[in-house]
Amino acid sequence: MIRLLQIEFQKLWKNKMSKFLIIISFIIPFSVLILSSIKIDFFGYFTIDLAQTGIFNFPLIWHIIPFFASYFKLFFALIVVSMIANEYSNRTIKQNLIDGLSKKEFILTKFYFILVYTLLSSLFIGIATLIIGLIHSAHTDIEVLFINSEFVAAYFFKLLGFFSFCMFVAMLIKRSAFALGTLIVIAIAEVIIYENLKWNWANDVIAENIMMFAPFTALYNLINQPIQRIVMISSPDKTNLMYDYAVHWHEIVIVCVWTFLFTYGSYILLKNRDL
């Protein structure tokens with residue numbers, strides 16, 4: 001595993017764009033530290049202080065930070081699709097196989113790198129969330145400190161599944177721009193299918209139960225939006241906004257199955273492709 005990681009890391013680190021995106025993707029989580037202390041003064045009429053809204057209090061912060069941080073995964077999606085596309089355009093994939101790397105090992109170099117990056121990214125998010133919470137939270141008792149911290153684990157599985165998806169599409173398309181475009185088309189298609197199911201064939205519940213198995217929907221379901229939860233905390237009387245925001249084991253299982261299928265599918269594509 002270490003040998004395969006070293007091979008992939010050397011490739012990416014020699015690419016200036018990949019190096020830049022990797023560094024930025026690790027800096028972004030800690031930029032939330034700066035954001036949490038920003039106060040915006042609107043010409044003296046009123047001031048927006050995010051820390052005063054209570055969104056950085058435990059346990060809510062464990063939900064908010066991973067949710068919004070997960071949208072920055074698009075930075076690394078560029079790395080994943082480009083590292084596959086570059087293998088084909090530069091013909092390094094063929095050279096690696098000539099030099100003794102098996103097709104299985106080639107895919108594992110990509111997956112191991114994605115796995116390690118996802119672990120480190122999740123660790124950074126967890127540390128940043130804990131620091132911000134300790135600075136701004138009104139309650140830092142050990143009993144409440146790690147309540148809802150499972151959202152960090154959900155963040156890990158969400159990134160791992162998404163990057164495996166990117167790897168599969170990149171292996172299928174072989175070109176960065178088209179691979180990214182395909183991902184966008186699939187995401188839009190899921191929305192269209194959901195709306196069609198909801199209005200023409202089923203109700204909201206049935207449509208959601210069907211679409212929970214679709215890849216992008218499964219990834220999104222791991223960390224549901226926290227907006228309603230924020231409103232409920234600031235206005236406890238709004239019980240009509242109550243919803244299930246918890247991380248469920250079956251949602252993690254669905255994403256893990258997709259992760260395996262995408263990784264294995266990438267191997268099958270490479271195995272059966274004439275290089």
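1. Ground rules. Local features here need pLDDT of at least 70 and side-chain atom pairs count only at pLDDT 80 or more, while totals for chains, interfaces and linings use all residues of this predicted model. Residues are numbered from 1 along each chain as its sequence is written, and side-chain values use heavy atoms, with hydrogens and water left out. Helices (H or I, at least four residues) and strands (E, at least two) are DSSP runs, numbered from the N terminus.

2. Helix 3 on helix 6. Helix 3 (residues 61-69) packs on helix 6 (residues 103-136) at about 135°, and their axes are 10 Å apart; axes are lines fitted to C-alpha atoms, for helices over the stretch in contact, with angles running from 0 to 180 degrees between N-to-C directions. That makes helix 3 oblique to helix 6 (under 35 degrees is roughly parallel, over 145 roughly antiparallel, 65 to 115 roughly perpendicular, and the rest oblique).

3. Helix 9 on helix 10. Helix 9 (residues 176-201) and helix 10 (residues 204-211) pack at about 145° with axes 8 Å apart, also in a right-handed crossing. Glu-190, Ile-193, Tyr-194, Leu-197 and Lys-198 of helix 9 meet Asp-204, Ala-207, Glu-208, Ile-210 and Met-211 of helix 10. Six of the residues in this contact are nonpolar, none polar and four charged.

4. The cores. The largest nonpolar core has 63 residues, and Phe-76, Val-80 and Phe-163 have the most contacts inside it. Such a core is a set of buried Ala, Val, Leu, Ile, Met, Phe, Trp, Tyr and Cys residues joined through side-chain atoms within 4.5 Å; buried means under 20% relative accessible area, exposed over 50%, partly exposed in between (1.4 Å probe, protein chains only). Elements giving two or more residues to this core include helix 2 (16-35), helix 11 (215-221) and helix 13 (249-271), but helix 8 gives the most, with 15 residues. A second, separate core of five residues includes Tyr-194, Leu-197, Ala-207 and Met-211. Back in the largest core, one of the residues with the most contacts is Val-80, which touches Ile-114, Phe-163, Cys-166 and Met-167, leaving aside residues up to four places away in sequence.

5. Two buried residues. Ser-70 sits in the loop between helix 3 and helix 4 (73-89). Ser-70 is buried at 0% relative accessible area and touches Tyr-155 and Lys-158, not counting residues up to four places away in sequence. Tyr-112, in helix 6, is buried at 19%; Tyr-112 and Met-1 are 111 residues apart in sequence yet 7.3 Å apart in space, C-alpha to C-alpha.

6. Backbone spots to look at. Phe-58 and Pro-59 are joined by a cis peptide bond, omega about 0°, and Pro-59 is in the loop between strand 2 (46-49) and helix 3. Asn-148, not a glycine, has a positive phi of about 75° and is buried at 12%. Lys-174, in the loop between helix 8 and helix 9, has a positive phi near 75° and counts as partly exposed at 34%.

Terms used
Left-handed = near helix turned anticlockwise from the far one by under 90°. Contact = heavy atoms within 4.5 Å. Nonpolar A, V, L, I, M, F, W, Y, C, P; charged D, E, K, R; others polar.
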